[in-house]
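Here is a colleague's note for someone opening this structure for the first time. The points are numbered and can be checked one at a time.

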Amino acid sequence: MTVLYVVLAVAVVLGLVFVGTRRRRRRGRPALVAPPRAAMPEILVAETAPMPSLERVPTLNERLASSRGVFDRVRSIAGTTELSGDQLALVEEVLLRSDVGVTTTSAVLEELRAKGAPNGVAAALRVILLESLRGERSTSTAADEGRVPVWLFVGVNGVGKTTTIGKLAKRHHDAGRSVMLAAGDTFRAAAADQLEQWATRTDSDIVRANEGADPGSVVHDAIGRASARGIDLVLADTAGRRANSTNLLDELSKVRRVADRDPGQVVETLLVLDATTGQNALSQAREFLAASGVTGIVLTKLDGTARGGIVVAIERDLGIPVKFVGVGEGVDDLIVFEPEIFVDSLLGA
Amino acid sequence: MFDALSERLERLSTSLRSRGRLSDADLDEALSDVRSALLEADVELGVVRAFVEAVRERLSGEVLAQSLTPGQQVIKAVHEQLIEVLGASPLKVTFAAKPPTVVLLAGLQGAGKTTAAAKLAAWFKQQGRQPYLIAADLQRPAAIEQLRVLAQQVGVDVFSEPSNPLDVARHGLAEATRLGRDVVIIDTAGRLAIDEALMDEVRAIADATSPDYTFLVIDAVTGQDAVHTARSFHEALELSGLIVTKLDYDARGGAVLSALGVVGRPVVFASSGEKIADFDLFYPERMASRILGMGDVLSLIEQAERTMDADVVAESAGRMMSGTFTLDDFLAQLGQVRKMGSLGGLMKLMPGVTKEMRTAASNVDEGELDRVEAIVRSMTPKERRDPAIIDGSRRTRIAKGSATSVSAVNQLLKQFNEMKKMMRQMGGGGAPALPGGLGRMAGLAARASARNDQLPAGFEALGAGMASAASTPRGGGGKNKKKKGGRVTPPKQR
């Protein structure tokens with residue numbers, strides 16, 4: 001139980017720090033007078049550092065402006081068959097700027113160098129990237145006889161899990177399946193309310209509990225009811241959690257175990273990833289894969305300027321395929337992932 | 001990654017030193033490490049280039065200091081440059097002469113605006129202000145409800161009405177003025193920077209409420225896109241600063257550097273956890289140190305001062321030093337520490353703490369702490385004062401009373417005794433010094449005290465305490481000996 005030690009270490013240090021500060025105060029400053037509230041400063045904003053104006057950083061902006069054309073420049077090298085240092089540098093820049101990451105970018109460059117570019121650099125790069133995205137992307141809605149299929153949604157805070165569930169509920173509803181939503185996010189304030197609104201919008205059933213309730217029991221309840229009512233699919237929400245906390249991941253493993261118990265059967269565990277996320281997405285994927293056996297990724301917020309290149313690294317390293325992408329706020333703005341389109345947008349073609 | 005970076009740079013051949021200065025080739029090698037480290041940390045490519053060039057300028061031709069290895073020299077330059085980019089001094093939040101002071105929060109979806117709004121309200125309340133929250137996020141289902149629940153936790157009122165964001169903001173502001181609130185925080189819907197209609201909307205809100213502060217809330221896990229977001233929001237709203245969230249993730253937070261590089265405005269607040277208390281002003285120098293894995297004593301002290309009950313802590317800490325620490329004191333300390341926020345967050349701030357300890361702390365189950373508390377609370381006052389009298393039957397009773405097992409009670413008592421022994425040693429000044437933790441702690445204390453007279457006396461004892469605390473749980477395992485044992489500068493007593 002190192003726990004106790006940790007707590008005590010903290011307590012000791014803080015206690016000592018505190019005693020120290022207090023002693024010092026007593027010695028140095030005789031009376032600690034609370035600042036008078038009435039005396040409001042007359043100046044509206046006084047800063048310790050002067051605020052630079054909008055145009056104060058022209059060099060950087062220029063550089064960024066020039067780099068915006070990078071994706072276009074890839075096309076300009078389409079015809080060349082010889083790999084020059086400049087071209088490789090350009091490819092590197094494109095990949096790095098798309099959040100593909102240093103390691104994967106180096107690997108891709110290595111492959112590019114080894115294979116050469118008989119049909120142009122852009123084409124060669126396209127082939128390499130597409131090879132990285134060869135995973136099986138179909139989703140399953142069928143469980144064993146007599147069991148209810150469950151899709152479990154996992155991810156860090158604020159990536160759009162609840163919204164994704166709402167959109168997928170619509171999708172399944174349109175496909176003629178009856179859907180039950182399980183409000184397994186019992187931590188975030190009003191998360192269940194948010195899901196309930198989606199349930200209303202998509203004409204689905206929902207099971208929810210009070211804030212702070214055990215997420216496993218909510219999911220269990222939902223499955224039980226779905227089974228009794230003969231519902232086709234359960235979509236189970238979970239609370240957003242950071243991927244570097246063993247406790248939170250253990251809790252998630254438990255939710256998955258509960259969901260996978262008869263009459264439920266987890267047929268998909270979807271990791272929801274925000275396309276604006278950088279290299280941390282890789283460790284998110286690794287941790288959630290270990291904790292909950294992720295079967296696919298939903299890449300959200302791809303309608304912004306972010307390109308979400310990190311999913312290339314994730315599929316190469318961990319073999320988790322992207323299955324859906326979110327491209328807007330509308331209820332129909334969740335589409336099936338298509339590698340060709342994704343790679344083309346990555347390369348600015 | 002910065003841990004990895006410092007390790008990598010440490011490995012730079014020490015033979016370089018004989019040459020007296022870094023050659024261009026050495027520099028290239030070191031800087032290419034710096035470059036990939038920054039890229040792995042999600043710093044935007046353009047910003048990385050500028051940063052690396054600046055570090056090169058700092059280093060090129062510089063005579064190597066005798067006391068530093070070339071690797072350390074590079075780290076020092078990186079650290080200095082980090083501080084420079086992160087902003088030399090924090091933006092000071094002042095209040096409008098004619099209240100209310102209006103604060104507008106904007107950002108992408110899922111960056112953490114609503115949570116940040118509630119935390120910011122709590123922060124203002126702590127400053128003795130009367131904040132008022134306006135829920136102008138009518139986009140996301142239940143966003144208003146979320147803000148309400150959070151605001152209730154911090155005891156702040158929320159304004160909202162089912163109209164449109166612009167009207168909500170306008171009416172909310174009028175209502176705040178009527179109620180005589182002096183700070184108004186407007187939470188807006190998350191929006192993409194390329195969504196013209198929504199950007200126009202937030203601009204209209206800004207025009208109607210003329211905020212004193214406009215903050216972009218940005219997520220520490222953001223990748224290369226941080227620059228686009230920051231620039232677009234800055235162009236639309238003219239930001240006064242940034243609020244960075246999710247610093248408790250294991251992300252490196254390079255997005256902070258990217259956004260700053262583009263916007264040129266300071267990061268004002270940092271949020272590092274799900275608890276309301278995990279929120280503070282952003283201190284560039286501290287952040288740079290924290291990024292480089294050097295701990296952050298100043299934040300820790302401030303957080304302690306804000307949340308802890310001074311008298312309770314001082315009293316039991318005094319007894320701690322004299323070796324008459326009782327289980328009652330332990331309980332009091334535990335309660336105080338828990339008030340400060342998550343243990344993991346605290347340990348991150350503490351210098352000289354090994355990575356293993358940090359992981360252990362962030363994985364501490366709050367339930368585990370509840371059990372410890374329950375055990376102590378199941379003891380009679382007499383038992384708490386003098387645990388030696390706890391015999392077999394008392395143990396059984398305590399175990400039953402706390403719904404734990406006898407072995408849990410035993411374990412607690414055993415570790416409490418060890419802890420006490422250790423504290424007595426510390427009080428007597430005979431702490432077994434651990435070079436790494438102590439050295440870093442002492443160095444930090446000396447550096448900090450050079451610029452801040454708020455630092456406590458008795459820092460040496462503190463460093464020693466931390467060191468022995470850190471060494472005990474591993475049962476004397478040698479692996480937590482830090483490699484940089486050498487440079488121990490005794491802290492200056494002022």
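1. Apart from its neighbours within four places in sequence, Ile310(A) is in contact with Asp99(A), Val100(A), Gly101(A), Thr277(A), Gly278(A), Gln279(A), Ala281(A), Leu282(A) and Gly223(B). Two residues are in contact if their C-beta atoms, placed from the backbone, lie within 7 Å. Ile310(A) belongs to helix H12 (residues 310-318) of chain A. Ile310(A) counts as buried because it has 28 C-beta neighbours inside 10 Å. Buried stands for 20 or more other C-beta atoms within 10 Å of a residue's own, exposed for 12 or fewer, and partly exposed for the range in between, with C-beta atoms placed from the backbone. From Ile310(A) to Gln279(A) the separation is 31 residues in sequence and 6.7 Å in space, C-alpha to C-alpha.

2. A remark on conventions: this is a predicted model, in which local features need pLDDT of at least 70 and side-chain atom pairs count only at pLDDT 80 or more, while totals for chains, interfaces and linings use all residues. Residues are numbered from 1 along each chain as its sequence is written, and chains are lettered from A and ligands numbered from 1 in the order in which they are written.

3. Chain A contains 13 helices and eight strands, and chain B contains 22 helices and eight strands. Helices (H or I, at least four residues) and strands (E, at least two) are DSSP runs, numbered from the N terminus. In chain A, 49% of the 349 residues count as buried; in chain B, 53% of the 494 residues do. Of the contacts in chain A between residues at least 6 apart in sequence, 76% join residues at least 24 apart. For chain B, residues 24 or more positions apart make up 76% of the contacts with a separation of 6 or more.

4. Helix H9 (residues 215-229) of chain A has 15 residues and reaches 21 Å from its first C-alpha to its last, close to the 21 Å expected at 1.5 Å a residue. The expected span is 1.5 Å times one less than the number of residues. Buried residues in H9(A) are Pro215(A), Gly216(A), Val218(A), Val219(A), His220(A), Ala222(A), Ile223(A) and Ala226(A). These buried residues pack against several elements of chain A, including strand S1 (148-154), strand S4 (233-236) and helix H10 (246-259).

5. Where do helices H6 and H13 of chain A meet? The axes of H6(A) (residues 121-132) and H13(A) (residues 339-346) come within 10 Å and cross at roughly 135°. The pair is therefore oblique. Axes are lines fitted to C-alpha atoms, for helices over the stretch in contact, and angles run from 0 to 180 degrees between N-to-C directions. Angles under 35 degrees count as roughly parallel, over 145 as roughly antiparallel, 65 to 115 as roughly perpendicular and the rest as oblique. Arg126(A), Leu129(A) and Leu130(A) of H6(A) make the contact with Pro339(A), Glu340(A), Val343(A) and Leu346(A) of H13(A).

6. In chain B, helix H7 (residues 165-179) and helix H8 (residues 196-209) pack at an angle of about 20°, with axes 9 Å apart. H7(B) is therefore roughly parallel to H8(B). From H7(B), Pro165(B), Leu166(B), Ala169(B), Arg170(B) and Leu173(B) meet Glu201(B), Ala204(B), Ile205(B), Ala208(B) and Thr209(B) of H8(B). The residues of this contact comprise seven nonpolar, one polar and two charged. Here Ala, Val, Leu, Ile, Met, Phe, Trp, Tyr, Cys and Pro count as nonpolar, Asp, Glu, Lys and Arg as charged, and the others, Gly among them, as polar.

7. Helix H10 (residues 254-263) of chain B is mostly covered, with ten of its ten residues buried. Gly264(B) follows H10(B) and has a positive phi, near 70°. In helix H9 (residues 226-237) of chain B, the buried residues include Ala226(B), Val227(B) and Phe233(B).

8. Lys92(B) sits in the loop between helix H4 (70-86) and strand S1 (101-107) of chain B. Lys92(B) counts as partly exposed because it has 13 C-beta neighbours inside 10 Å. Between Lys92(B) and Val183(B) there are 15 Å in space, C-alpha to C-alpha, at a separation of 91 residues in sequence.
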